[in-house]
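This briefing goes through a two-part subject topic by topic. Please look over the sequence and the model first.

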Amino acid sequence: MDTKEKVLNILQDLTGNDVSEDMDSNLFDAGLLDSMGTVQLLLQLQSELGVNVPVSEFERSKWDTPNKIIAQVKELQA
Amino acid sequence: MQITNVINAIDKNSEQTPDRIAYDYLGETHTYHELKCYSDALASKIGQMNLDAQAPIMVFGEQSFEMVATFLGIVKSGHAYIPIDQHSPNDRLEMIQEIAKPTACIAVEKLPIQIKGIPVINADELAQIFKTTGRFDEKLAVSGDQNYYIIFTSGTTGKPKGVQISHQNLTSFVNWMLKDFNLPDAPVSLAQAPYSFDLSVMSLYPTLVSGGTLQVLPKKITDNFKELFDYLPKMNLNVWVSTPSFVDICLLQPEFDAAHYPTLSHFMFCGEELTHRTAVQLKERFPQAKIYNTYGPTETTVAVTAMEITQKILDEDQRLPIGKPKSDMKISVLDQSGKPVDVGKTGELVISGPSVSKGYLNNPEKTAHVFQQVGNHDAYHSGDLGTKDENGVLHYLGRLDFQIKLHGYRIELEEVDHYLNAQKLIKQAVAVPKYDTNHKVSQLIAYVIAEDNDFENNMDLTVAIKKGLQATMMSYMVPNRLVFKSSLPITANGKVDIKSIMREVNS
């Protein structure tokens, strides 16, 4: 499984939705993610992908769509 | 320090330390002198409005100094206040008005709908009132058994219940906070919970009566972690008051520790179970700080038991105890027939003493169901399951009914079901909690049979349903996940088989 698939799986697990058709929709505006959902997202990225997101740098506007989340994760993996 | 009157104790700070900061909202500060001036002016104005003397006043807004000054002005005028969060759906506002029959409404923030039939003071008028000078008549102020505030909680039929907290209930709570927790003098306290959630009372009144400063952390900051961690160290907090869920967010940042927060000496948790995992992490980061786990339903005034979580407790108990009741309270562990169970056995926690509310406002039926007169005091049947060990220490074990706590918010699953099934895109639905490995609810999941619809995919359908739900129910009650099904499992009795859905969700 590549990064994209893994992230989409985590998002599916968190939101109950296959978001692969809506890669640019805002998950916060759609009511699919909130603060506590974000916490779970970060913890799952850490445990399943080994990606440590520096939470003090976490800006919601940079993480609000599936595409942006995947891009952020890839950047942190690089 | 002990107090006999909450209002006088707060006002005393305006005489003794008038220039001290009472409220700090992101650097915008207000003093105790201002708090007294604003609240006296409002009390005087309310006194001239010829309102129904015993009826409460609705207050609509979010965290702001004006909100706190309004609460104080209202109780000085002899009325109780009903805090309603700005983010409440319109239906809830109307329903609370219908149930509580308030005599007036004060809109600290702009109302989303028109409130009919009662006088409304809007934000502009309120600002004008705060500029006037007025005196309040001490004899009129709320005291004794009169209601001080009324907080609405989740009700099973979709009708929220208004818990009446009297001046005496509140005074007893505040005195316990001042006596049993070794709080610093004039503490700088975290004010993070919305005022419609009674966890906020835990920082609001103990801080204001002791001349401390409320450091506000509004939702717009906590929602954006970068801003949160920029601002948090600048708050110079002494006393932390939050749900365990909120401190979990903060623990994500490695620098949330004693070296970076040297003044933080007390952590007070309430609203949901404090997990061993969270407490261990916190103790490692803040080895010198005092960490308190507290427990109590809204019906018994914020909290009634407490336990300092020491290293010894962490070593001994995997599931943390909720501690012992405050000294004037009694908590019995009763079986189904109402008899006390043996030490170490499980039963319902029944709470009695001066912290127990007189009941739900204008709802004698629900009141009679869970409140009982025992001797001179009311007893409240909490619906919480627990045990008492040989040292008299209580342990929380879960619920008797379908009530859950999600990130500190109390939710009746039946209420969620009520709203789900009223949604026009839903044919049938049932909500169940998903638990994490620490017995804590991590998500609310709804199994949904959708009505026939033209949505292209489930995502669009989910978004449409969530939008619809947000208009009718509090956002924290809206299920995190919707799982679409063509049918739901049914029990032999023809009911939806919630247990099997629970098993599936938690497998």
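The model is predicted, and local features need pLDDT of at least 70, side-chain atom pairs count only at pLDDT 80 or more, while totals for chains, interfaces and linings use all residues. Residues are numbered from 1 along each chain as its sequence is written, chains are lettered from A and ligands numbered from 1 in the order in which they are written, and side-chain values use heavy atoms, with hydrogens and water left out.

**Annotated domains**

- UniProt positions are given in the numbering used here, feature names are shortened, and annotations may be inferred rather than shown by experiment.
- Helices (H or I, at least four residues) and strands (E, at least two) are DSSP runs, numbered from the N terminus.
- In chain A, an unreviewed UniProt entry places "domain: Carrier" at residues 1-77; this span is 52% helix and 0% strand, and its end C-alpha atoms lie 15 Å apart.
- In chain B, an unreviewed UniProt entry gives "domain: AMP-dependent synthetase/ligase" for residues 11-361, a span of 32% helix and 22% strand with end C-alpha atoms 29 Å apart.
- Residues 415-495 of chain B are listed by UniProt, in an unreviewed entry, as "domain: AMP-binding enzyme C-terminal"; the span is 28% helix and 30% strand, with 17 Å between its end C-alpha atoms.

**Interface of chains A and B**

- The contact (heavy atoms within 4.5 Å) takes 28 residues from chain A and 24 residues from chain B.
- Buried area is the accessible area (1.4 Å probe) that two parts lose on being put together, summed over both.
- Between chain B and chain A about 2,200 Å² is buried, and carbon and sulfur atoms give 56% of this area.
- B:F225, B:K226 and B:M459 supply 28% of the area that chain B buries against chain A, more than any other three residues.

**Helix packing in chain A**

- Axes are lines fitted to C-alpha atoms, for helices over the stretch in contact, and angles run from 0 to 180 degrees between N-to-C directions.
- Helix α1 (residues 3-15) and helix α3 (residues 66-77) of chain A have axes that come within 10 Å and cross at roughly 130 degrees, so α1(A) is oblique to α3(A).
- Angles under 35 degrees count as roughly parallel, over 145 as roughly antiparallel, 65 to 115 as roughly perpendicular and the rest as oblique.
- The crossing of α1(A) and α3(A) is right-handed, meaning that the near helix is turned clockwise from the far one by less than a right angle (left-handed if anticlockwise).
- The axes of α1(A) and helix α2 (residues 35-49) of chain A come within 10 Å and cross at roughly 140 degrees, which makes α1(A) oblique to α2(A).
- α1(A) passes α2(A) in a right-handed crossing, and the α1(A) residues in the contact include A:V7, A:I10, A:L11 and A:L14.

**Helix packing in chain B**

- Helix α1 (residues 6-16) and helix α2 (residues 32-47) of chain B pack at about 125 degrees with axes 8 Å apart, so α1(B) is oblique to α2(B).
- The crossing of α1(B) and α2(B) is left-handed.

**Strand residue B:Y25**

- B:Y25 lies in strand β1 (residues 21-25) of chain B.
- Not counting residues up to four places away in sequence, B:Y25 touches B:Q63, B:V216, B:P218 and B:K220.
- B:Y25 and B:S64 are 39 residues apart along the chain, and their C-alpha atoms are separated by 7.0 Å.
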